[in-house]
Amino acid sequence: MIGIAEATLLQGFALGLLVLGLAISFRFLDFPDLTVDGSFVLGAATGAHAIRIGIPVIVALLMAVGAGFIAGCCTGLLHSRFRLSKLLSGILMMIALYSVNFRVMGASNLSLLQSRTLPDYFSHAMGFGTIGVIVFFGFSAICAKIVLDLILRSEWGSVLRTVGDNETLATSLGFSTSRMKIIGLGLANSLVALSGTLVSQYQGFADISMGIGMIIVGVASLIIGEAVVQTLPRRLRGSSIVQRRTTAALIGALVYQLIVNVTLRLGIAPTDLKLITALLVIIAVMIGRTREYAFAGIDRY
Amino acid sequence: MLELCEVGKTFGRDGDAPVTALDNISVRFSVGEFCVIVGNNGCGKSTFLNIIDGVVKPDCGRILWDGKDLNTFPSVERKRLAAKVHQNPSDGTAQTLTVAENLALAMLPPGRAGLRKLVRKERAERIEKTLNDLDIGLIGRENAMIQNLSGGQRQALAVYMAVLSDPRILLLDEHTAALDPDRAEGLMELTIRLWKDRSLTVLMVTHDLDEAVKYGQRLLCMSQGRIYLDIDSEAKKQLTVPDLLDLFKRKRREGFVVDSSFLP
């Protein structure tokens with residue numbers, strides 16, 4: 001059995017990738033994307049299946065990311081080309097992916113215990129144990145954050161943020177808001193899928209129901225992170241809103257997992273965890289309210 | 001020259017209560033003209049701008065620019081021809097982006113964005129120069145988020161950004177309405193300056209008769225989808241607000257509806 005600190009860091013960094021993805025869709029694109037529950041499992045399923053049929057782990061990882069990208073693009077397509085509402089597009093993709101995931105796995109559960117996964121390389125092969133996996137997950141999450149910061153502050157990324165902020169302006173600047181949304185959601189869900197495959201590789205199996213409630217985990221992390229980041233000194237939280245939000249995503253993921261692990265160790269029933277999550281989010285929103293403008297729209301969803 | 005030929009638009013044509021926003025209007029504007037449009041609520045003045053902008057499709061009639069039908073323009077060029085500034089100061093800028101990012105976005109070639117940094121050195125210099133030039137209290141505040149600026153500052157940026165894409169026509173839909181009189185005057189000065197510098201064709205809708213009399217070379221008064229008065233530059237120079245109200249009263253017999261907000 002591993003300690004609270006290790007469990008928090010492992011889960012926090014692995015799910016931090018998912019929360020970064022949610023920051024793109026929920027915050028920067030202003031798109032409450034419910035695809036997440038499905039694309040998280042899609043990443044896990046694709047990765048697990050690929051590893052089991054002998055595809056090299058790195059390639060399997062890229063396939064999982066690619067599958068997530070396609071899933072996100074489909075949600076974007078449903079919304080922008082077929083004019084379905086944002087919520088409906090996400091919900092439809094979520095349930096459609098349930099069947100797709102089952103097809104990909106061929107069963108409701110795929111074991112990876114017989115296969116060599118990425119976390120295995122870092123824990124056993126290199127002899128670092130759990131610490132090796134934590135460093136690997138942490139490195140991945142922080143790299144993803146840094147790359148995302150660069151992308152979102154580039155010309156393309158700034159247009160993406162404008163689409164989420166003021167669609168009329170983006171259109172009048174000559175950009176196709178549909179295309180930006182489609183690719184933006186693809187990007188968001190590829191991070192979610194990456195998170196899914198890493199989690200399944202670490203726990204040693206992919207399961208059809210492992211994605212249930214992932215949106216809530218993500219949104220709770222996001223909101224808690226934003227409340228925490230507001231209390232940080234300016235130097236630490238980053239000067240631009242992009243850095244503040246991505247920092248908040250990672251910190252939120254860690255803080256949320258810390259709270260989850262502490263409550264579980266305190267002997268609270270796992271079924272009560274959802275209630276605790278709901279209370280936490282309410283508290284975080286209340287904290288956010290007291291500080292004006294540091295985060296616009298902390299409680300929009 | 002911008003020319004509208006027999007342009008008509010009725011909303012809700014299939015319903016019980018169709019509303020005629022434009023009643024087969026024909027009108028011409030020469031290049032570089034500054035025309036002010038007034039009228040009561042629902043007289044069709046916003047539809048008028050929206051049809052030129054391409055947001056609303058007319059039921060009938062043609063719109064020509066330099067003798068060419070706007071429908072034959074490729075969509076990108078169609079979009080670039082006219083830029084519009086709305087009444088709400090939040091409409092023309094991105095609220096969660098900084099001043100520098102907003103201006104830099106407007107400096108991009110339309111529809112083209114790469115993966116290089118948005119606010120890079122050469123743009124930062126241009127932005128600094130722009131903020132000095134605009135003189136709206138934003139010198140050294142290029143990293144402020146738009147949502148923390150005043151309505152007047154946001155609207156000034158919106159007008160400037162609209163003009164940066166180099167449109168031929170500038171459409172202003174009550175763009176000073178949300179501002180206090182001082183700020184509104186400052187914004188009008190900026191508008192006039194940009195109009196002169198860039199020889200734009202400006203169509204400005206306003207609810208403020210003082211503004212309508214003071215600015216521009218030509219005044220159109222609309223009611224129920226029709227143009228009732230077309231006052232050209234010579235007559236407009238002499239015009240005062242009481243004159244204009246007198247004209248309104250005389251036109252009443254022909255069906256002109258005077259907005260109660262115009263009457264003292």
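Start by selecting B:Lys79, which sits in helix H2 (residues 75-81) of chain B. Helices here are DSSP runs of H or I, at least four residues long, numbered from the N terminus. This is a predicted model: local features need pLDDT of at least 70, side-chain atom pairs count only at pLDDT 80 or more, and totals for chains, interfaces and linings use all residues. Residues are numbered from 1 along each chain as its sequence is written, and chains are lettered from A in the order in which they are written.

Stay on B:Lys79. Buried or exposed? B:Lys79 counts as buried, because it has 20 C-beta neighbours inside 10 Å (buried is 20 or more, exposed 12 or fewer, partly exposed in between, with C-beta atoms placed from the backbone). Leaving aside neighbours within four places in sequence, B:Lys79 is in contact with A:Gly174 and B:Gly54 (contact: C-beta atoms, placed from the backbone, within 7 Å).

Next, show both chains. In total, 20 residues of chain A are in contact with 25 residues of chain B. On the chain A side, helices H7 (155-165) and H8 (167-172) each give two or more residues. H7(A) gives the most, with seven residues.

Now move to chain A and select helix H3 (residues 57-80) and helix H4 (residues 86-105). They pack at an angle of about 140 degrees, with axes 8 Å apart. Axes are lines fitted to C-alpha atoms over the stretch in contact, and angles run from 0 to 180 degrees between N-to-C directions. Color the residues that meet: A:Ala71, A:Cys74 and A:Leu78 are among those in H3(A), and A:Leu92, A:Met93 and A:Leu97 are among those in H4(A).

Terms used
Two residues are in contact if their C-beta atoms, placed from the backbone, lie within 7 Å.
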